[in-house]
Amino acid sequence: MRADPTGVLTGAHFLDGDYACGEGAMAAGCRFVAGYPITPSTEVIERIARRFPDMGGTFIQMEDELASMAAVVGAAWTGTKSLTVTSGPGFSLMMENIGLAAMMETPCVVVNVQRGGPSTGLPTMVGQADVMQARWGSHGDYELIAVCPQSPQEAFDLTVEAFNLSEIYRVPALVMMDECVGHMTEKVVIPEAEDIEVIPRELTAQPPEDYQPYATNGRPIPEFVRAGDGYRFHTTGLTHDERGYPVMSSECQETCVRRLVEKIREHTDEIVRFEEDGVEQADIVVVAYGITARVARMATEMARQRGISVGFLRLVTLWPFPEKRIRDLAETVKGFVVPEINYGQMVLEVERCAAGKAASWLVPHGGGGVHEPETIVETIMEAAR
Amino acid sequence: MNQPIDSEPQEAREHPSAQLLRMERLPHVWCPGCGIGTVVKCYATALENSGIDLDKAAVVSGIGCSGRVAGYMRLDAFHTTHGRAIPFATGLKLGRPELFVSVISGDGDLVGIGGNHFIHAARRNMDLLVILINNFIYGMTGGQNAPTTPLEAKSSTMPFGNFEEPFNLPHLAASSGAPYVARWTCLHIRRLTWAIEEAIERRGFRFIEVIAPCPTLYSRLNKLGTGLSEMRFYHDNAEIKHGCDTRELDIGFHTEIVCGKFVDEERPTFLDLKDEHYRKRLGDRYIPMPPEGGMIHA
């Protein structure tokens, strides 16, 4: 389906990543946003608060991030595409209801404009240390989808994509932006509405008497309903059967939770997105994401000029992780170099997938700035030695 | 009632609220003598009497014994996370404004862990009917102290009696801005049902506190007897004082319980204010959320 033109600000703009992300949400058809102000994400909700009155959207500034996330899950059950936006401390507070969204299979989008942590950390400065929290932050087993933009243009594009993926798989989708991308101003081209692919909320065609909210009927994902259409359905955060009724047994847990995990794991190939350059014959492959990908791209060029055979792989989806690709590359490359603005998070995934067949080199950065390209080059040279 | 052995066998009759209950889920989880079932019956009766379109009625609960109410209602029903029933319900209401949204949950859920949401939803006059079942204790987890436990009452985490001042809930709701505030007990079946019916007709943040027995924990820990003895206590000690100053509604340990309707005013809701404000400021430019919600079809 094509985007509804009322939310699409077609044209070439000079926007920061936060504004571009807000535009992406509106273009994707988002009409409910609940948020709580937190640096460096606040501009996203400010943009939306200003624009929503023109398009029938409702923004509400909730009392905290617990409430924001709960309201988003509630609104999503009315069929309204819903979003919340936050940064580290707020992301921590949202975790329980991100788990509720996963358990109830609720499509919704959460943007985390990452800053330095832990705790209050560096409110106005960059970090990438929430990427494992994105994957594992809520308790219990579940899978979700996380994308990671490297530019304001991608903040727009990938926010649309996050909404689409959350609709297809009925999971919370995370946009794991970082402060640099959020506050960086660049050219952003917003296409005509008819050129933006949008996945609409699809409701079941079954009559209420036949409908069961979690019956999959052989498909990986159950059909959706929304409140107010006469289905009189029930949903819960408890382990539940196909009727959405709680069942406290290990058998039901197996059916219920296994599907939450498998609906993503079995579709990893369709979801995963990455970009590569010159990885096939390379000795070393640099793996990076977000703002660090742009620094690492430069470092890769610098290392090439020094005669080292280096390839480059940028993670566009962080979760699910491109496990197969890293495993395949590990057969041919000598080592992976992973710069990230944390003390080693995605490098653990690279290392796991490389399974001892290629070395993994972390280039850590504690946050508050980006890597010096030269630091990455040094590690590349060390890895190539 | 016992049936004389020589009388004609009676036909099994359907539960009078069967249309609104998930009969296939019964028996419910609540203990004998618990007051929650009574509140469910009053709520169901009030909904039926109100004549509202029940296909447009949604009910949200949090966690705990009272948090199980949504699970038994044949409505669009949401059993959510601990303390977050009100913000979840806020999302439902704002996502599809034509819905009639109720929140039914317990004291620990709505004013303990969820207290912040309670006061803010009242402040905003969010269009929700909130029925809080107050049994003075955390029941589901085994009788721990609640923000409503009366002074001196025992709980498993205040084994020598509670020394923390409890909330006066009608006063909390009223001073936070709730335009409809009432309190009843599980004994006041008709009055509670009428109150819910009346609250359904009102708009905005409507708050009804229902005092309910918890024979398994609160009564046992405090040697108060069975659920029935608590009902007798309500009979003897509940005093109806409509319009009573909400500052005078504290509940002590086995002291008088003042019941009645304390606040019944009209105040514009969050959505009234939003629409009015944006129309004034933005004129025709303003597009409100359609009553059927923000789902985009075409």
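What percentage of the 298 residues of chain B count as buried? The share is 53%, where buried means that 20 or more other C-beta atoms, placed from the backbone, lie within 10 Å of a residue's own.

A note before the views: this is a predicted model, in which local features need pLDDT of at least 70, side-chain atom pairs count only at pLDDT 80 or more, and totals for chains, interfaces and linings use all residues. Residues are numbered from 1 along each chain as its sequence is written, while chains are lettered from A and ligands numbered from 1 in the order in which they are written.

**View 1. Chain B has nine helices and eight strands.** Helices (H or I, at least four residues) and strands (E, at least two) are DSSP runs, numbered from the N terminus. Along the principal axes, the C-alpha atoms of chain B fill a box of roughly 70 × 55 × 35 Å.

**View 2. Helix α2 of chain B covers residues 85-95.** Here 11 of the 11 residues are buried, so the helix is largely enclosed by the rest of the structure. Among them are B:Phe88, B:Leu92 and B:Lys93.

**View 3. The largest nonpolar core has 206 residues.** Such a core is a set of buried Ala, Val, Leu, Ile, Met, Phe, Trp, Tyr and Cys residues joined through C-beta atoms within 7 Å. A:Ile145, A:Val286, A:Leu318 and B:Val60 have the most contacts inside it; a contact means C-beta atoms, placed from the backbone, within 7 Å. Helix α3 (residues 65-76) of chain A gives the largest share of this core, nine residues.

Technical notes:
A residue is buried if 20 or more other C-beta atoms lie within 10 Å of its own, exposed if 12 or fewer, and partly exposed in between; C-beta atoms are placed from the backbone.
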